[in-house]
Structure formats: structure tokens, C-alpha cells
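This briefing goes through one protein chain by topic. Please keep the sequence and the structure in view while reading.

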Amino acid sequence: MNEHFPTNEELLHFPNLQYEKFKYYRRARELAEKGEDFFETLQLSARCELLHFVQTGIKHVIICGCSEIHKGCARMNGKKMTVLQALKKLPIPKRNCGNHLFHESGKGFCVGSYEYDTNTEYESLT
Ligand SMILES: [Zn+2]
């Protein structure tokens, strides 16, 4: 049960965080399907995504919440923040988000994500 969740510092040394992101996302889905606690694994997947942005020099992100029909994280849709703020607060995935997969055991499985903000990148070049 005491699975080791790598720290941000450890993850920054991984050469392919996009791969790690999908690996942990898939693992979180498997846990949800079995009715086990998946939230920390889902957070780990989000951290991999944000740290991939850090590796590639992206500074700002926009939150893409789950579908509007779910009350959970949809209200954060379009919110902008720095990658470092997002890593610190980790607003996505939202615990107990209204989204759920396949059946009740997948309840709270937030599929919100982060997009990098190109506009801010352009501004910073001027
Ligand atoms: Zn959500």
C-alpha cells in the first residue's frame, strides 16, 4: 500500500514526462475501476504534465476544467496562472470533482487538465 510517489525534484530528472503522465493516468483509471483510492495517482499525473512544461520552458497555463455539466472543476475553466503556482496549489485534478467514469466507483475522477498559454509567451518576448 505504501507506494512511493516521486517528488517534483525527482520527476524533473525523468527524460519523458509525457510518458509518465499517461502511465500514471492509466494507473489512476485502473485504481478507480477497482474502487480503490486513485486521487494521489491522478495528482501525480497532473504534476508530470506541469513539470513537462517546466522542462520545456513554458511559464503560464490555462485550466481546462471538466465538462460544464459537472459542477466540480468547470468553474475554474479558463483561469490562468503560472506553472509554478499550479504546481504549488494543484487546482486540477479537483478532489470530489463532479465528473465520474463508467460507474460510481469512478466518482470524483477529474479529467480537467492544463493547457499552456501561448499568448503570455508571446507577450513575454516583447
Ligand atoms: Zn474535474
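How many helices and strands does the chain have? The chain has six helices and five strands. The model is a predicted one. In sequence order the pattern is α-α-α-β-α-β-α-β-β-β-α.

**Chain as a whole**

- The chain has 126 residues, and 32% of them count as buried.
- Among contacts in the chain with a separation of 6 or more, 59% are between residues 24 or more positions apart.

**Nonpolar core**

- The largest nonpolar core has 26 residues.
- Inside this core, the residues with the most contacts are A28, C48, L50, I92, C110 and Y114.
- Two or more residues each are given to this core by helix 2 (17-33), helix 3 (39-55), strand 1 (60-64) and helix 5 (83-89).
- Helix 3 supplies the largest share of this core, with seven residues.
- In soluble globular proteins, nonpolar side chains tend to be buried together.
- C110 is one of the core residues with the most contacts. Leaving out residues up to four places away in sequence, C110 touches L42, C66, G72, C73, I92, P93, K94, C97 and N99.

**Helix 2 against helix 3**

- Two packed helices are described by the angle between their axes and the distance between the axes.
- For helix 2 and helix 3, the axes come within 8 Å and cross at roughly 170°.
- Angles over 145 degrees count as roughly antiparallel, and helix 2 and helix 3 are therefore roughly antiparallel to each other.
- On the helix 2 side, the contact is made by L17, Q18, E20, K21, Y24, Y25, R27, A28 and L31.
- On the helix 3 side, the contact is made by T41, L42, L44, S45, C48, E49, L51, H52 and Q55.
- Sorted by class, this contact of helix 2 with helix 3 has nine nonpolar, five polar and four charged residues.
- A28 of helix 2 and C48 of helix 3 take part in this contact, and both are listed among the residues with the most contacts inside the core.

- Three strands form an open sheet in the order 2-1-5, with antiparallel pairing.
- Which strands stand at the edges of this sheet? Strand 2 and strand 5 do, each with a single partner strand, so one side of each is left without a neighbour in the sheet.
- From one strand to the next, the twist averages 40°.
- Strand 1 pairs with strand 2 (residues 80-82) in the antiparallel sense over three bridges. H60 has T82 in strand 2 as its bridge partner.
- Strand 1 is joined to strand 5 (residues 113-116) by four bridges, and these two strands run antiparallel.
- In strand 5, Y116 is the bridge partner of V61, while S113 is the bridge partner of C64.
- In a regular strand the side chains alternate between the two faces of the sheet.

**A86 in helix 5**

- A86 lies in helix 5.
- Is A86 buried or exposed? A86 has 23 other C-beta atoms within 10 Å, and a residue is buried if 20 or more lie within that distance, so A86 is buried.
- Not counting residues up to four places away in sequence, A86 touches L50, V61, M81, P91 and Y114.
- Of these contacts, V61 is 25 residues from A86 in sequence, and the two are 7.9 Å apart in space, C-alpha to C-alpha.
- L50 and Y114, which A86 touches, are also among the residues with the most contacts inside the nonpolar core.

Conventions. Residues are numbered from 1 along each chain as its sequence is written. This is a predicted model: local features need pLDDT of at least 70, side-chain atom pairs count only at pLDDT 80 or more; totals for chains, interfaces and linings use all residues. A residue is buried if 20 or more other C-beta atoms lie within 10 Å of its own, exposed if 12 or fewer, and partly exposed in between; C-beta atoms are placed from the backbone. Two residues are in contact if their C-beta atoms, placed from the backbone, lie within 7 Å. A nonpolar core is a set of buried Ala, Val, Leu, Ile, Met, Phe, Trp, Tyr and Cys residues joined through C-beta atoms within 7 Å. Axes are lines fitted to C-alpha atoms, for helices over the stretch in contact, and angles run from 0 to 180 degrees between N-to-C directions. Angles under 35 degrees count as roughly parallel, over 145 as roughly antiparallel, 65 to 115 as roughly perpendicular and the rest as oblique. Ala, Val, Leu, Ile, Met, Phe, Trp, Tyr, Cys and Pro count as nonpolar, Asp, Glu, Lys and Arg as charged, and the others, Gly among them, as polar. Two strands pair if DSSP finds at least two bridges between them.
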